[in-house]
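Here's a quick briefing to go with the model. Have the viewer open and follow along.

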Amino acid sequence: MLTREGIVHVLTVAGIEVVAVADNPDELLRRVDREEPDVVVADIRMPPTHTHEGIVAARRIRQNHPNMGILVLSQFLDPAYALELLQDHPERTGYLLKDRVFDAAVVVDALNRIHQGETVVDPTIVSRLFGRQRRENPIADLTPREREVLSLVAEGLSNKGVAERLFVTPRTVEAHVTSTFLKLGLTESPDSHRRVLAVLAFLRA
Amino acid sequence: MSDSAEPRSTRVTDRFTRSIWPSVLALAGATALAAMVQAAEEPSSRSYGASSNHALAASLVGVAILVAVGTVASINRPGNAIGRLVAFLGILWGASEVIGWTTGPPLVRSTGLVIEPMILPILVHLTLAFPQGRAVGKLDRLLISSAYLTAILAGMVRAAFYDPIRDMSCHRICSNNIFLLDPKPGLAHLTNDVFLWVTIVIGLLVVVGVARRALRPSSARFDGTRIVLGLLALSVLAEVGRAGLLLVDPIEDPRTTPFFALFIVRGIVLALIGLGVGWELSRMWRVRRSLETLAERLEATPEVGLQAVLADALGDESVEVAYWSPRLDRHVDASGRTVTLEPGPERAIAAIERSGNTLGLVAHNPALAVADLQREIGSAARLAVDNERLRAELLAQVSEIRASQSRIVEEGDAMRRQIERDLHDGAQQRLLALSYQVRLAQAAAANAGDSAAAQSLAAASDEVLLALADLRALAHGIFPSILVDGGLSPALRALGDQAPMPVEIEAPTDRFEPAVEMAAYLTIREAIESAGRRASGHMRVSAKVKDDDLTMEILFEGFAPPPVDLVHSSDRIGALGGSVESDDDRLRVVIPCG
């Protein structure tokens, strides 16, 4: 399929080695076992039922290869899918909308972050969660900068990653995160993956 | 069902069984009673009644009750053999006493001697045919006919070849036999022994059969027939006991304790059988009377329905009524569901007709019903039944329409799902490919230094992304995949996420039938959409499962008046047999999901 070939091309041009390509879950699992890649890129919809085989396959890969990165591409904007994927094992896991697969910068950045152990959540999903109407909106009490930091945390970035994005020092980011969590009544976890889940759960609640 | 339609011969037989039989029975019974009294008054008699007043009382009461009840029953239910059998039993019981009337008329005495063995087949027949008057099982019929055959043979051998005077062991019967052709003591003795053995074998088989029948569950509220059956079995056992006793001690002396005790027991049990059958008979009268008032009761409490009223009248919990629907060409119950009534060993089917048209069928326990249920249900009741039938037919048609509505909805959903898939697998893939090509062209233009082209290609790429987003929204609107993938809870939350006003969702994580999930989802979506036009307040949705119903309460706060306009989803809810109720500030939607 053209999408698959396109992704291979985009990744190859970006200097990422594509070791194997598969067009169904069984083949995918076989190739993953044999090639042991750093990161697996999987479509959420695969044969036979074209529903959410990608999430099922990701779980299987997780069981066999706990340290392998997994990036799931999805056409679904509903946060439920992303949370279903991340819930058990957020580290080295990513969820991107399919629209972005040919944006080399986005894909390569996501793959690198996953490879480094981070979590990746599509910004569109985060911004949808931010845009949700709430009766009492604690997010309204945040400063614009704090909001920015919170959404990058929700996208799965570490303090260092957030600092690089916002051109500030990691210490500043840390201070923002602390004050934001305090305002929202969240307990800050030293584990940045649990932190992603906590923020997403908060945004969804 | 009218009488004139019946053939003439049936009516003649009918008249015979209605008038002749009872007279014969009553006459024979009276004769037997008179003979018994006469026999007892004669001091030289060898009858039980002559030896003890208690025995006389027991046998007189037994015979009187059996003959009286049997005669009345045969008048009341001429088609049922039970009445005649009960009366026969009384007459034979009297006949066995008359044998010992040494000084009585030889014809009466000898007749008693010859017909005495018939007690066995009559008792077996009565036991196995009670209460319908017909034995159903093959084995039962075999037992009955072999009992008749051996008893008749035994009686005939007694008549032709038994000379009591030459019998060493005669005691009760030591007088002449006027039917005697040729005295053959060896043959007579052997036949008698064989008959006693046959009595033991058949009697035990009958008792086992009755015990097995009594263990079956009964549909009756109070099963008097079981008590009578138990007494009949006891009576058969007493006959077995008497046969055993005669094999050990052929001299039947009414003054010896075992024979005397057995006689008293037999007498009491037979009297009780008579009373039991009488009670059953009176129950039948009560049933008839309550059937006569069926129309009034159906009219007074139409909501109870024929089935419950009939079950009450017959004292039969197994009553089932099926109404015939000519339009649907099948039987339906009162609530419109399709039913098929099959006859069985304790289940008869009676038809109810009105002016030549079948209204429906009644399945019931024939042991508890009157012989002709169809005739007993009066014409006034039939009008009420016809009304009930029409309502049942209507309900059946409603449920048929509902089913077809559901099918249409389901088909529509399947089609929507296919369209959603086609959009993802077709249009989306093409748009993605397009975005890829645009990006390639953009990179090439940038490399070639054509910044104007690169810029316009970048704009084109953004347009493609917008088109992809639109397509996604469109596909989601056509069919929400998350509903199928994740169920109601995540799907409703996704709805809440995009709502233009705050929406709090509380939903069970259980999965339901796709049609139920879809109806619930679209209801909430429509509620949000119609509220969204005046997004000033907030909504609270709470879905719960209770008693096989998915109940959703949608609370509108800050809306005046609340937007209650479920134009599209109310069809779906209706197709599933659910309901929508609106209140001042809330909607209550109930969808059956059991």
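Predicted model: local features only at pLDDT ≥ 70, side-chain atom pairs only at ≥ 80, totals over all residues.

**Where the two chains meet**

Residues are numbered from 1 along each chain as its sequence is written, chains are lettered from A and ligands numbered from 1 in the order in which they are written, and side-chain values use heavy atoms, with hydrogens and water left out.

**The interface in numbers**

- Chain B and chain A have six salt bridges between them.
- There are also ten residue pairs in polar contact across the two chains, both residues at pLDDT 80 or more. (A polar contact is a pair of N or O atoms within 3.5 Å; within protein, one must be able to donate a hydrogen and the other to accept it, and residues adjacent in sequence count only if both atoms are side-chain atoms.)
- On chain B, the elements giving two or more residues to the side that touches chain A are helix 14 (379-447), helix 15 (451-478), helix 16 (481-486), helix 17 (488-498), strand 5 (503-506) and strand 6 (538-546). (Helices, H or I with at least four residues, and strands, E with at least two, are DSSP runs numbered from the N terminus.)
- Helix 14 of chain B gives the most to that side, with 13 residues.
- By class, the side of chain B that touches chain A has 15 nonpolar, nine polar and twelve charged residues. (Ala, Val, Leu, Ile, Met, Phe, Trp, Tyr, Cys and Pro count as nonpolar, Asp, Glu, Lys and Arg as charged, and the others, Gly among them, as polar.)
- The contact (heavy atoms within 4.5 Å) takes 36 residues from chain B and 32 residues from chain A.
- Together the chains bury about 2,900 Å², with 51% of it on carbon and sulfur atoms. (Buried area is the accessible area, with a 1.4 Å probe, that two parts lose on being put together, summed over both.)
- B:Tyr436, B:Arg472 and B:Asp497 supply 24% of the area that chain B buries against chain A, more than any other three residues.

**More salt bridges**

- Over all chains, the whole structure has 43 salt bridges.
- A:Arg165 and A:Asp109 form one of them, at 3.4 Å from N to O.
- That pair links distant parts of the chain, with A:Arg165 in helix 8 (residues 159-166) and A:Asp109 in helix 5 (residues 104-115) of chain A, 56 residues apart.
- A:Arg165 is partly exposed at 36% relative accessibility, and A:Asp109 is partly exposed at 30%. (Buried means under 20% relative accessible area, exposed over 50%, and partly exposed in between, with a 1.4 Å probe and protein chains only.)
- A:Arg135 and B:Glu504 make another salt bridge, at 3.6 Å from N to O.
- This one crosses between chains, from A:Arg135 in the loop between helix 6 (123-131) and helix 7 (144-154) of chain A to B:Glu504 in strand 5 of chain B.
- A:Arg135 is partly exposed at 43% relative accessibility, and B:Glu504 is partly exposed at 35%.
- Within chain B, B:Asp386 and B:Arg354 meet in a salt bridge at 3.0 Å from N to O.
- B:Asp386 lies in helix 14 and B:Arg354 in strand 3 (residues 348-354) of chain B, so the pair ties together parts 32 residues apart in sequence.
- B:Asp386 counts as buried at 15% relative accessibility, whereas B:Arg354 is partly exposed at 28%.
- Salt bridges that share partners join A:Asp109, A:Arg113, A:Glu118, A:Glu155 and A:Arg165 into one network.

**Cores and buried parts**

- The largest nonpolar core has 88 residues, of which A:Tyr95, B:Met539, B:Leu550 and B:Ile554 touch the most other members. (A nonpolar core is a set of buried Ala, Val, Leu, Ile, Met, Phe, Trp, Tyr and Cys residues joined through side-chain atoms within 4.5 Å.)
- Helix 18 (residues 514-532) of chain B brings the largest share of this core, ten residues.
- Apart from that core lies another, of 64 residues, including B:Ile82, B:Leu89, B:Ala129 and B:Ile202.
- In chain A, helix 4 (residues 79-86) is mostly covered, with seven of its eight residues buried.

Technical notes. Salt bridge = Lys/Arg side-chain N within 4 Å of Asp/Glu carboxyl O.
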